[in-house]
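Me: I have a model to go through with you. Let us take the pockets, then the ligand, then the backbone.

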Amino acid sequence: MTAPLKRLYIKTYGCQMNVYDSERMADVLTPLGYGMTDSPVGADLVVLNTCHIREKATEKVYSELGLIKEMKQEKALTGEAMTVVVAGCVAQAEGAEIMRRQPAVDLVVGPQAYHQLPELIARTHRSRGESLAADFAADEKFDALSPDRNPTGVTAFLTVQEGCDKFCTFCVVPYTRGAEWSRPVDTILAEARSLARQGVREVTLLGQNVNAYTGGLANLVRALARIEGLDRIRYMTSHPRDMDEDLIAAHGDIPELMPFLHLPVQSGSDRILKAMNRAHTAESYLKTLERVRAARPDMALSGDFIVGFPGERDSDFEATLDLVRAVGHASAFSFKYSPRPGTPAAALPGQVAEEVKDERLARLNVLLEVQQKAFNAAQVDRTLPVLIEKPGRHPGQLSGRSPYLQAVHCEGPAGLIGQIVPVRITSAARMSLAGTLSPAQAPA
Ligand code: 5AD
Ligand code: SF4
């Protein structure tokens, strides 16, 4: 008989890098006897992996902690302890403040200290005192994490780069994730091989500035593309400044590199881009996309936008709409500017009224939705190679992704999960496509 599992609940906020980090936290805690559970009720260990990028994200953490505190008290009535850990970027940015605001928190761990979780938790259990670990170098973290993963599906995230030195004036990432740092190629390849051996067919390379990868992202992609079984490679997020010729060329000649590019532009106004310290203009951005499309004409484009940056006038916002019209997006994320304490833009004059931000966001979203629908509708009657990822919501249904990252649903046998099959697209909605398997794949 093995000892009963201790129950571990991890809630992940924010970006894909946090999703990756959460998986790695679960990995390092497995040897300690922790098994994942999908509810915090009664859990022995609760980890909130947090996001600090906008104020809303941060506030969500504090309200969740309020609920966790009650569950912890309830558990204490039965004589059992619940250990509460706050990880991620809120932990890095306001560790001491978290402990002050929510005494139910036992431990605060920044993104570079996850490999120390077992030890930190053990120490917490011993002392039940405060512990704060937020200052470690990224290389120690990755050295200490084993290349072996326990992937749960046929796609996986793989962090290759962390941190950012760009210092966009609105952004907390350079402060929460630290300086740009790239993982050595050999450890990335070892992890990717381990994933491929376990049936992973697609990896998404993650980094706050993934295309600033030292040694060239294109070279890394080339090496990964040679791994047996790994048929699809994606990456995010990229900075327009680091979109070099090599990477653009890679999109033309590496079939495994998927035709989807998330390249945030933030604004279409050169005045605002300058105030954001973005080091590109609307025109240079469009030129970059031209080169990308020359290498890969069917490239699907995605971006991030901020409306209501300090000093943004109607004319600046109109310039953003013009740029969006010029690009034609497959998908995009749009945000209202949120002043983050300690960032230069938070102290700028000309903060934009909330109603104005709301109105601009709504107008931008209408345009982006139209573009997304148009992009999806253009796939109808085409036959796309779809990586089947999992059963669909209805019995007999399968769910997968097109090369352009669109969700695709079709009828078919579960045995196709993990295979890339041709699907004829029959209809399109804003968030997904529906289609039918080619006769060769469909059961007789
Ligand atoms: N306010 C609003 N949006 C922000 N982002 C980053 N910082 C802020 C902020 N202070 C957005 C940017 C970035 C994405 C991850 O989040 O668009 O690309
Ligand atoms: Fe933030 Fe700019 Fe760095 Fe992106 S490039 S993480 S927006 S500072």
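Me: Between which domains does the second largest pocket lie, and why?
Reply: This is a predicted model, in which local features need pLDDT of at least 70, side-chain atom pairs count only at pLDDT 80 or more, and totals for chains, interfaces and linings use all residues. Residues are numbered from 1 along each chain as its sequence is written, chains are lettered from A and ligands numbered from 1 in the order in which they are written, and side-chain values use heavy atoms, with hydrogens and water left out. Both domains named here give residues to the lining, so the second largest pocket lies between domain 2 (140–376) and domain 3 (383–437). Domain bounds come from an automatic or database domain assignment.

Me: What is the volume of the second largest pocket?
Reply: On a 1 Å grid over the protein atoms alone, a pocket is an open set of points where a 1.4 Å probe fits, with protein on both sides within 12 Å along at least five of seven lines; lining residues have an atom within 4 Å of a point. Points are joined across faces, edges and corners, and the volume is the space filled by probe spheres set on them. For the second largest pocket that gives about 1200 Å³.

Me: Which element gives the largest share of the lining of the second largest pocket?
Reply: Elements are DSSP runs numbered from the N terminus: helices (H or I, at least four residues) and strands (E, at least two). Those supplying at least two lining residues include strand S7 (155–159), strand S10 (202–206) and strand S15 (383–391). The largest share is 5 residues, and it comes from H13.

Me: Where does the largest pocket lie, and why?
Reply: The largest pocket has a volume of about 1300 Å³. Helix H1 (16–29), helix H2 (55–77) and helix H13 (354–377) are among the elements that give two or more residues to its lining. Two domains contribute to that lining, so the pocket lies between domain 1 (6–137) and domain 2 (140–376).

Me: Which pocket holds ligand 2?
Reply: A molecule sits in a pocket if more than half of its atoms lie within 2 Å of the grid points. By that test, ligand 2 sits in the largest pocket.

Me: How do the residues of the shell around ligand 2 divide by class?
Reply: The surrounding residues (a heavy atom within 4 Å) include Cys164, Cys168, Cys171, His239 and Arg278. Ala, Val, Leu, Ile, Met, Phe, Trp, Tyr, Cys and Pro count as nonpolar, Asp, Glu, Lys and Arg as charged, and the others, Gly among them, as polar. The shell has 7 nonpolar, 2 polar and 2 charged residues.

Me: Is Phe167 buried, partly exposed or exposed?
Reply: Phe167 is in the shell of ligand 2, in the loop between strand S8 (161–162) and H6. Its phi is positive, near 50°. Buried means under 20% relative accessible area, exposed over 50%, partly exposed in between (1.4 Å probe, protein chains only). At 37%, Phe167 is partly exposed.

Me: What is the phi of Asp381?
Reply: Most residues other than glycine have a negative phi. Asp381 lies in the loop between H13 and S15 and is exposed at 53%. Its phi is positive, about 80°.

Me: Which residues does the cis peptide bond join?
Reply: Most peptide bonds are trans. Here omega is about -5°. The bond joins Met236 and Thr237.
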